[in-house]
Amino acid sequence: MRVVQFGAGRIGKIHASNISAHPRSSLYGIVDPVETAGKALAAQYDTNFMHEDEALADPQVDAVVIASATNVHAEQIERAASAGKAIFCEKPIDLSLERVEGVVSHLAANPVPFMLAFNRRFDPNFRELKRQIDAGAVGEVEMVTVLSRDPGAPPVDYIKVSGGLFRDMMIHDFDMARWLVGEEFTTVKAFGSNLVDPAIGTAGDVDTAVVSMTTNSGKLASISNSRRASYGYDQRIEVHGTKGMIQAQNVLESTVVTSTEDGVRSEKPMHFFLERYAAAYQAEWDGFVRLVIDGERTMPNQHDGLESLRLAEAASAQVL
């Protein structure tokens with residue numbers, strides 16, 4: 001599968017590495033409006049620096065990876081779909097619910113393989129948790145708790161354009177809750193505060209939030225987010241069911257545990273999302289390859305992006 005990637009930034013570098021390393025895909029080209037960045041990444045992988053129109057018109061291109069700025073995702077999805085290219089897109093599709101609905105309609109009229117990069121579904125620990133749930137290990141799911149806390153807040157300039165905590169950070173957790181419960185949430189109650197950085201509040205966002213949700217059948221989910229966790233990147237899930245409970249704990253910097261008369265000490269959680277989810281990014285790309293080449297249809301798609309954004313919008317409307 002020959003792939004052109006739109007975007008040569010931080011996440012683009014991760015994807016370029018995984019595309020090149022996969023035995024069933026090759027990095028055919030890089031597109032980026034900043035030519036110095038695009039050409040540098042293309043040179044690193046001995047591939048072509050291309051312009052968007054050129055890439056979409058090239059019959060050798062089988063698929064595109066959209067790892068560009070959020071504000072151009074929707075347009076690039078529509079253009080790629082019209083050109084008949086398979087599409088892997090970083091979340092979100094767009095920050096506007098109406099615009100995402102338009103993209104979903106466009107993809108229905110121009111059907112191509114499409115995958116949205118909710119990478120946490122591909123984390124080995126979370127996938128095992130989901131596998132056991134589906135196998136009936138804890139019976140019928142009744143409650144899901146998702147905790148996601150960053151080691152520190154991003155720059156305020158990033159927060160201003162990111163869509164804020166609910167659309168940018170918690171949207172991963174909305175997707176995880178939907179995936180684990182297996183039903184759509186119909187009631188959303190949100191609470192938010194500024195406890196980490198007053199500048200985030202001045203920018204029109206919150207840095208600490210809790211959201212509770214219910215489905216029509218009465219299943220419950222609780223999500224806790226914070227832009228501050230002094231002990232590292234905190235990523236935990238608990239699922240309670242009719243037969244028991246299953247948990248996915250933090251991934252630590254090492255498995256070493258020291259036990260002395262003063263107590264028992266283990267390592268902190270990994271500090272940053274790129275290292276915490278390195279295996280997930282690799283498995284995610286393999287999932288896209290299987291979607292395009294093998295026709296495997298179990299990957300997160302445009303509808304998952306739309307429904308998660310609906311929840312983010314509902315939460316945001318109550319807090320901001």
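**Reading a predicted fold: a tutorial**

Mentor: Let us begin with one point of pairing: Val 31 stands opposite Met 50 in E3. Please keep in mind that this model is predicted.

Trainee: Over how many bridges do strand E2 and E3 pair, and in which sense?

Mentor: Strand E2, which covers residues 26-31, pairs with E3 over three bridges, in the parallel sense.

Trainee: In what order do the six strands of the open sheet stand?

Mentor: The order is E3-E2-E1-E4-E5-E6, and the pairing is parallel. At the edges are strand E3 (48-50) and strand E6 (114-117), each of which pairs on one side only. On average, neighbouring strands of this sheet are turned by 25 degrees against each other, direction ignored.

Trainee: Which strands does helix H1 touch as it packs on the sheet?

Mentor: Helix H1 (residues 10-21) touches strand E1 (2-6), E2, strand E4 (63-66) and strand E5 (86-90). The direction of H1 makes about 175 degrees with that of E1. Helix H4 (residues 73-82) also packs on the sheet, where it touches E1, E4, E5 and E6. The direction of H4 makes about 170 degrees with that of E5.

Trainee: Is Asn 18 buried or exposed?

Mentor: A residue is called buried when its relative accessible area is under 20%. Asn 18, which lies in helix H1, has a relative accessible area of 12%, so this residue is buried. Leaving aside neighbours within four places in sequence, Asn 18 is in contact with Tyr 281, Gln 282 and Trp 285.

Trainee: Trp 285 has an aromatic ring. How should I read the pair of rings formed by Phe 88 and Trp 285?

Mentor: One looks at the distance between the ring centres and the angle between the planes; planes over 60 degrees apart count as edge-to-face. For Phe 88 and Trp 285, the centres are 5.6 Å apart and the planes stand at 70 degrees, so the pair is edge-to-face. Phe 88 lies in strand E5 and Trp 285 in helix H12 (residues 278-294), so the pair ties together parts that are 197 residues apart in sequence. Phe 88 is buried, with a relative accessible area of 0%, and Trp 285 is buried with 1%.

Trainee: What class does the pair of Phe 126 and Tyr 277 have?

Mentor: That aromatic pair is tilted, with 6.4 Å centre to centre and 55 degrees between the planes. Because Phe 126 lies in helix H6 (residues 124-134) and Tyr 277 in the loop between helix H11 (273-276) and H12, this pair ties together parts that are 151 residues apart in sequence. Phe 126 counts as buried at 3% relative accessibility, and Tyr 277 is buried with a relative accessible area of 1%.

Trainee: Which residues form one aromatic cluster?

Mentor: Phe 88, Trp 285 and Phe 288 form one.

Trainee: How does one describe two packed helices?

Mentor: One gives the angle between their axes and the distance between the axes. In this structure, the axes of H9 and helix H13 (residues 302-319) come within 9 Å and cross at roughly 120 degrees. The crossing of H9 and H13 is right-handed. Ile 171, Phe 174, Asp 175 and Arg 178 in H9 meet residues of H13, including Asp 304, Glu 307 and Leu 311.

Trainee: How many residues of helix H9 are buried?

Mentor: Helix H9 (residues 171-181) is mostly covered, with eleven of its eleven residues buried. Among them are His 172, Met 176 and Trp 179. Just after H9, Gly 182 takes a positive phi of about 80 degrees.

Methods
Residues are numbered from 1 along each chain as its sequence is written. This is a predicted model: local features need pLDDT of at least 70, side-chain atom pairs count only at pLDDT 80 or more; totals for chains, interfaces and linings use all residues. Side-chain values use heavy atoms; hydrogens and water are left out. Buried means under 20% relative accessible area, exposed over 50%, partly exposed in between (1.4 Å probe, protein chains only). Helices (H or I, at least four residues) and strands (E, at least two) are DSSP runs, numbered from the N terminus. Two strands pair if DSSP finds at least two bridges between them. Axes are lines fitted to C-alpha atoms, for helices over the stretch in contact, and angles run from 0 to 180 degrees between N-to-C directions. Contact means heavy atoms within 4.5 Å. A crossing is left-handed if the near helix is turned anticlockwise from the far one by less than a right angle, and right-handed if clockwise. Rings of Phe, Tyr and Trp (its six-membered ring) pair if their centres lie within 6.5 Å; planes under 30 degrees apart count as stacked, over 60 as edge-to-face and the rest as tilted.
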